[in-house]
Amino acid sequence: MIALFLLQIAYVVSRRLIPFTSVPYYLMIMIKGLVFNIKGACKHSGQCCQSIMLYDSQKPIQSLSVWDQYLKQYPDYDSFVPNHKCGKIESFDCHCLTDEHMCSRYESRPAICRQYPTSFFYEHGFIYDSCGYYVEKNHQYFKWLFTSIKDQLNVFSKLNG
Ligand code: SF4
Ligand code: SF4
């Protein structure tokens, strides 16, 4: 309870004093971490490895030139293959997903895969229905949120209830 209160104070102050830094963003991630609990386990649907969008600084990577630059910076993402029409990337497939929906480079998988589904949920506010993981809202903590933060999380979260 005290941690949640202090985080909210820090978030509101940082939004006011240093809004263009990453501090408010990471404080909000910490608030989300207290309010939402991710439970369950992977059931190997493979949905997070195929037909997915990749992001650079929270912007979707939609052009082949941006993807080339991204790969130069993060070469361990080279297992992802862009699906594109006339140079516009619509999604990515990872060629390391086996026919049994297992990861063939599990020990060396990139950060996005290691952090899934937590980082995906913190960005997008949902986890795929077919995923073995699911999100539970801590209703008690949610009640203790400042109104402005509660409103933000209501917009962010696509959870039912
Ligand atoms: S590296 Fe492994 S976990 Fe990551 S997308 Fe590819 S198959 Fe999935
Ligand atoms: S979408 Fe969920 S259940 Fe499917 S492979 Fe990814 S983590 Fe596992």
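This is a predicted model: local features need pLDDT of at least 70, side-chain atom pairs count only at pLDDT 80 or more; totals for chains, interfaces and linings use all residues.
The protein chain contains 7 helices and 6 strands. Read from the N terminus, these elements follow the order α-α-β-β-β-α-β-β-α-α-β-α-α. The C-alpha trace extends over about 45 × 35 × 30 Å along its principal axes. Two domains are assigned: domain 1 is made up of residues 2–41 + 133–156, and domain 2 of residues 55–114. The centres of domain 1 and domain 2, computed over C-alpha atoms, are 29 Å apart.

Helix α1 spans residues 2–17 and helix α2 residues 23–35. Their axes approach to within 9 Å, with a crossing angle of roughly 155°. Angles over 145 degrees count as roughly antiparallel, and α1 and α2 are therefore roughly antiparallel to each other. The crossing of α1 past α2 is left-handed. On the α1 side, the contact is formed by Ala3, Leu4, Leu7, Gln8, Ala10, Tyr11, Ser14 and Arg15. The residues of α2 that meet them are Val23, Pro24, Leu27, Met28, Met30, Ile31 and Leu34. Sorted by class, this contact between α1 and α2 comprises 12 nonpolar, 2 polar and 1 charged residues.

The model includes surroundings for two ligands. The shell of ligand 1 consists of Cys49, Ser79, Cys94, Cys96, Leu97, Cys103, Arg105, Arg109 and Cys113. By class, the residues around ligand 1 are 6 nonpolar, 1 polar and 2 charged. Ligand 2 has 13 residues around it, of which Cys42, Ser45, Cys48, Cys131 and Gly132 come nearest. The shell around ligand 2 divides into 7 nonpolar, 5 polar and 1 charged residues.

Two backbone features were noted in loops. Most residues other than glycine have a negative phi, and most peptide bonds are trans. Ser51, a residue other than glycine, has a positive phi, near 50°. Ser51 is located in the loop that connects β1 (36–40) with β2 (55–56). The peptide bond between Tyr116 and Pro117 is cis, with an omega near 5°. Pro117 belongs to the loop between α4, residues 111–114, and α5, residues 118–124.

Methods. Residues are numbered from 1 along each chain as its sequence is written. Chains are lettered from A and ligands numbered from 1 in the order in which they are written. Axes are lines fitted to C-alpha atoms, for helices over the stretch in contact, and angles run from 0 to 180 degrees between N-to-C directions. Helices (H or I, at least four residues) and strands (E, at least two) are DSSP runs, numbered from the N terminus. Angles under 35 degrees count as roughly parallel, over 145 as roughly antiparallel, 65 to 115 as roughly perpendicular and the rest as oblique. A crossing is left-handed if the near helix is turned anticlockwise from the far one by less than a right angle, and right-handed if clockwise. Two residues are in contact if their C-beta atoms, placed from the backbone, lie within 7 Å. Ala, Val, Leu, Ile, Met, Phe, Trp, Tyr, Cys and Pro count as nonpolar, Asp, Glu, Lys and Arg as charged, and the others, Gly among them, as polar. A residue is near a molecule or strand if its C-beta atom, placed from the backbone, lies within 6 Å of it. Domain bounds come from an automatic or database domain assignment.
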